[in-house]
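Please open the structure in a viewer and keep the selection tool at hand.

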Amino acid sequence: MGRFFNFWELSERERKGYVLLLMLILLILVAPWAYRHFFISRPVEQPSLALLDSLMLSNTDVAKYPPKAHDYSRSNTATEPYFKKTKVPLFYFNPNQLPEEQWLALGFSTKQVQVIKNYEKKGGRFRSKADLAKIYAISDAQFQRISPYLLFDTAIVQKSASSFSGNASYATKSKTLLIDLNRADTSELKKLHGIGSAFSKRIVDFRERLGGYSSVAQLADVYGLSPELLTAIHPQLYIDSSFPVQQISFRTATVADLMRHPYINQKTATLILRYRDQHAPIKGITDLENILALPEGFLRKIEPYLSFN
């Protein structure tokens with residue numbers, strides 16, 4: 001190497017510059033290989049056939065398929081990745097006589113809801129998770145997803161009695177105490193075990209901001225109410241279907257009008273009214289489904305509180 005530099009009559013400084021240049025060239029040549037080897041992750045595995053089958057079931061005539069056995073003692077690992085990515089909101093609910101819109105809010109299709117409602121019309125009743133698991137329209141993955149949120153009258157009374165009081169007298173009392181969530185005042189709400197002055201006031205305040213509860217499940221939106229407490233008091237509350245919730249006139253509403261509702265912020269209100277002005281007339285909630293920027297499940301939550309007349 002020294003003879004090479006001497007032949008070209010290079011100075012010491014020029015020699016160091018050439019060496020540095022050669023090292024940079026070598027680094028550039030090696031860099032692509034090193035990047036592919038150390039930094040690029042392996043290809044993502046394709047969905048399994050079990051996952052594809054479960055997804056196809058929700059869009060197929062479920063009546064063509066025979067009842068299937070559910071193993072709800074363990075999770076369905078083939079379908080977990082898909083449902084972990086979904087944004088459908090979950091809430092505690094009793095599947096008996098649950099309104100159709102609540103089933104839809106849980107992510108079920110119209111056909112699946114119809115199968116459930118036909119079962120109820122024939123006198124069917126869900127007394128345990130196993131009863132609901134027998135409904136052939138509900139896939140294994142869907143059942144696993146909603147299973148932790150299921151409430152049943154008998155099980156709830158037993159759980160609430162053991163968790164909050166530990167005596168038989170409370171279990172007997174909890175069976176007879178029924179409170180209309182839209183008409184009860186704070187003193188009546190405090191009769192519920194675990195509900196004190198603070199919680200009863202929050203429940204009433206949130207009811208006034210809503211314009212009335214359309215579902216007992218909306219108590220999950222009240223700050224501070226734990227899932228355990230909601231599970232305990234759920235069978236003692238009901239919604240009188242004859243009670244009219246306060247509705248906002250969609251045709252004349254302003255951004256400020258919509259923002260008074262706790263489910264609607266300024267950004268969403270502006271988005272909705274801008275769409276209304278550009279696509280009038282809006283005849284119903286389904287006309288707003290074309291607004292792709294709306295949060296998942298948002299329209300189902302606000303539907304009872306909008307009037308399109």
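Predicted model: local features only at pLDDT ≥ 70, side-chain atom pairs only at ≥ 80, totals over all residues.

Residues are numbered from 1 along each chain as its sequence is written, and side-chain values use heavy atoms, with hydrogens and water left out.

Colour the chain by secondary structure next. It has 16 helices and four strands; helices (H or I, at least four residues) and strands (E, at least two) are DSSP runs, numbered from the N terminus. The protein chain exposes about 19700 Å², of which carbon and sulfur atoms supply 56%; accessible areas come from the Shrake-Rupley method with a 1.4 Å probe, and for residues only the protein chains shown count as cover.

**First stop: a nonpolar patch**

Select Tyr-18, Leu-21, Leu-22, Ile-25, Leu-26, Leu-29, Val-30 and Trp-33. Together these residues form a nonpolar patch on the surface with about 830 Å² of accessible area. Patches are made of residues with over 30% relative accessible area and no salt bridge; like charges are joined within 9 Å, and nonpolar side chains (Val, Leu, Ile, Met, Phe, Trp, Tyr) within 5 Å. One member, Ile-25, is in helix H2 (residues 12-38) and is partly exposed, with a relative accessible area of 41%.

**Second stop: salt bridges**

Side chains of opposite charge can pair when their charged atoms come close. A salt bridge is a side-chain nitrogen of Lys or Arg within 4 Å of a carboxyl oxygen of Asp or Glu, and by this rule the count comes to six.

Select Lys-201 and Asp-205, whose closest N and O atoms are 2.9 Å apart in a salt bridge. The two residues are four apart in helix H12 (residues 197-210), and so about one helical turn separates them. Asp-205 is partly exposed at 30% relative accessible area.

Salt bridges that share partners join Asp-180, Arg-183 and Asp-240 into one network. Select Arg-183: its closest N and O atoms are 2.7 Å apart in the salt bridge with Asp-180, and 2.8 Å apart in the one with Asp-240. Arg-183 lies in the loop between strand S1 (179-180) and helix H11 (186-189), and Asp-240 in the loop between strand S2 (237-238) and strand S3 (248-249), so this pair ties together parts 57 residues apart in sequence. Asp-180 is buried at 9%, whereas Arg-183 is partly exposed at 45% relative accessibility.

Select Leu-98, in the loop between helix H4 (80-85) and helix H5 (100-105). Leu-98 counts as buried at 8% relative accessibility. Which residues does Leu-98 touch, not counting those up to four places away in sequence? They are Phe-93, Trp-103, Leu-106, Lys-117 and Glu-120, where contact means heavy atoms within 4.5 Å.

Then select Phe-298 in helix H16, which is buried with a relative accessible area of 6%. Leaving aside residues up to four places away in sequence, Phe-298 touches Tyr-263, Ile-264, Thr-268 and Ile-272. Phe-298 and Tyr-263 are 35 residues apart along the chain, with their C-alpha atoms separated by 8.0 Å.

Conventions:
Buried < 20%, exposed > 50% of the residue type's maximum accessible area, 1.4 Å probe, protein only.
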